[in-house]
Amino acid sequence: MKQPASNLQIDSARLWDTIHETAKFGATPKGGVRRLTLGPEDKQVRDWFRKSCEAAGLEVHVDTLGSMFALRRGRDMSKPPVGLGSHLDTQPTGGKYDGVLGTLAALEVVRTLNDAGIETEMPICIVNWTNEEGSRFAPAMMASAAYVGDFTTDDILSRRDAEGVTVAEALDSIGYRGERPVGTQKFSSFVELHIEQGPILEAEGKTIGVVDSGQGVLWYDGKITGTPMPLRRDALATLSEIVLAMESIARKHGPKAVGTIGEAVIAKPSRNVIPGEIAFTVDCRSADAGIMDALDRELRAAAAEIAARRKVDVTLDMVWRKPPTHFDAKLVDAVENAAQALGYSHRRITSGAGHDACNLNTIMPAAMVFVPCKDGVSHNELEDATQADCTAGANVLMHTVLALAGVAS
Ligand SMILES: [Zn+2]
């Protein structure tokens, strides 16, 4: 007999085995994963993913940027599918869950629907987006950004890694430059499951994060030019004031804002010479567009004041501005309803990091599901999540997708 869809649960052990099976592609000695986008380990996991999707009855297509789309037919093929998935590339010393969980949970959803003999009204489509991490090729999330039209395909294909290899060459070398033009596969909506990459869910003992927004980002490249002795216009002392100003501006708008000066390089450093020139970077984030404007205004004003008082030259060039994401209200409700119906503790949450779903949300309804990760750690071999939480996230993903795609009667 057919199981009623409302009681359906994914196979926790199968999901867990799948995560650990793929973690061997690029496994590091400390228990993490090194699977740089479009490298040999990425090919291995892609081949595995394609085979597993085909074994689950899905039709797999690859677009010209290597993103993989695995379609499960619905009763009504006149509608575009509900999309679900994430990415399978990792940071150079990454973990087993970032991106992987969302992609493999999507596969587990399909396997569960297959086992239960459930046909959905609308088709559903699993996606593995190319280069979410951005550690080999910039920018991060390049495939979903091209998908929504922020970059042309040719622009992305010509990007180079540190060795000078282009995206096009890397795709060809692993056989993943697909036939389909970017953007061909349409979606009616998209849902991405991901580990939180922050400490909030764990600290509050909540299982599910219903992600309703994503932080906007401001990136600057800064430069300070002072003069050495005898004027003692010290670039490092100037930077110290700018760092403290950034801290107090972010704190003033906290907890809705963060700001970090994460890199600073002294030109020609020497123990007994006053630093004359320093390059530095700034990263500011907020989910509130008004606060982002305030951060920009106040940081520039502080830098100008410090520069004038110390009689040094400070330049601050904005190199990236990404507006905040506000996920689709109906989809966010669908995620929340699924978490509620399944009896999982949950809370609304803002994503601190960027995700493919944030890009997609600019042209289609999108939403995200978060599960806790240990100590909020990610992009690290120590990244960890529990089987119970991953299972809960996959169940919420499945019931959100069922609510969106509809169960064929
Ligand atoms: Zn990720």
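# Reading a zinc site, a core and a sheet

Reader: Is Asp98 buried or exposed?

Author: Buried means under 20% relative accessible area, exposed over 50%, and partly exposed in between, using a 1.4 Å probe and protein chains only. Asp98 has a relative accessible area of 4%, so Asp98 is buried. His87 is also buried, at 0%. This is a predicted model, in which local features need pLDDT of at least 70 and side-chain atom pairs pLDDT 80 or more, while totals for chains, interfaces and linings use all residues. Residues are numbered from 1 along each chain as its sequence is written, and side-chain values use heavy atoms, with hydrogens and water left out.

Reader: Which residues coordinate the zinc ion?

Author: Donors are N, O and S atoms within 2.8 Å of the metal (3.2 Å for Na, K and Ca); water is not among the atoms, so sites may look incomplete. Here the zinc ion is held by His87 (NE2), Asp98 (OD) and His194 (NE2), at 2.0 to 2.2 Å. Their spacing in sequence is H-x10-D-x95-H. Both His87 and Asp98 lie in the loop between β3 (82-86) and α3 (100-116), so the pair ties together parts that are 11 residues apart in sequence. Helices (H or I, at least four residues) and strands (E, at least two) are DSSP runs, numbered from the N terminus.

Reader: How many residues does the largest nonpolar core have?

Author: In soluble globular proteins, nonpolar side chains tend to be buried together. A nonpolar core is a set of buried Ala, Val, Leu, Ile, Met, Phe, Trp, Tyr and Cys residues joined through side-chain atoms within 4.5 Å. The largest one has 96 residues, and those with the most contacts inside it are Ile126, Ile208 and Val396. Helix α3 gives the largest share of this core, 10 residues. A second, separate core has 27 residues, including Leu218 and Ile249.

Reader: What is the strand order in the open sheet of four strands?

Author: Two strands pair if DSSP finds at least two bridges between them. The order is β8-β9-β7-β10, with antiparallel pairing. The edge strands, β8 (257-266) and β10 (313-322), each pair on one side only. Between β8 and β9 (residues 277-286) there are eight bridges, and Val265 has Ala279 in β9 as its bridge partner.

Reader: Which strands does helix α8 lie across?

Author: Axes are lines fitted to C-alpha atoms, for helices over the stretch in contact (heavy atoms within 4.5 Å), and angles run from 0 to 180 degrees between N-to-C directions. Helix α8 (residues 235-252) lies across β7 (216-225), β8, β9 and β10, at about 165 degrees to β8.
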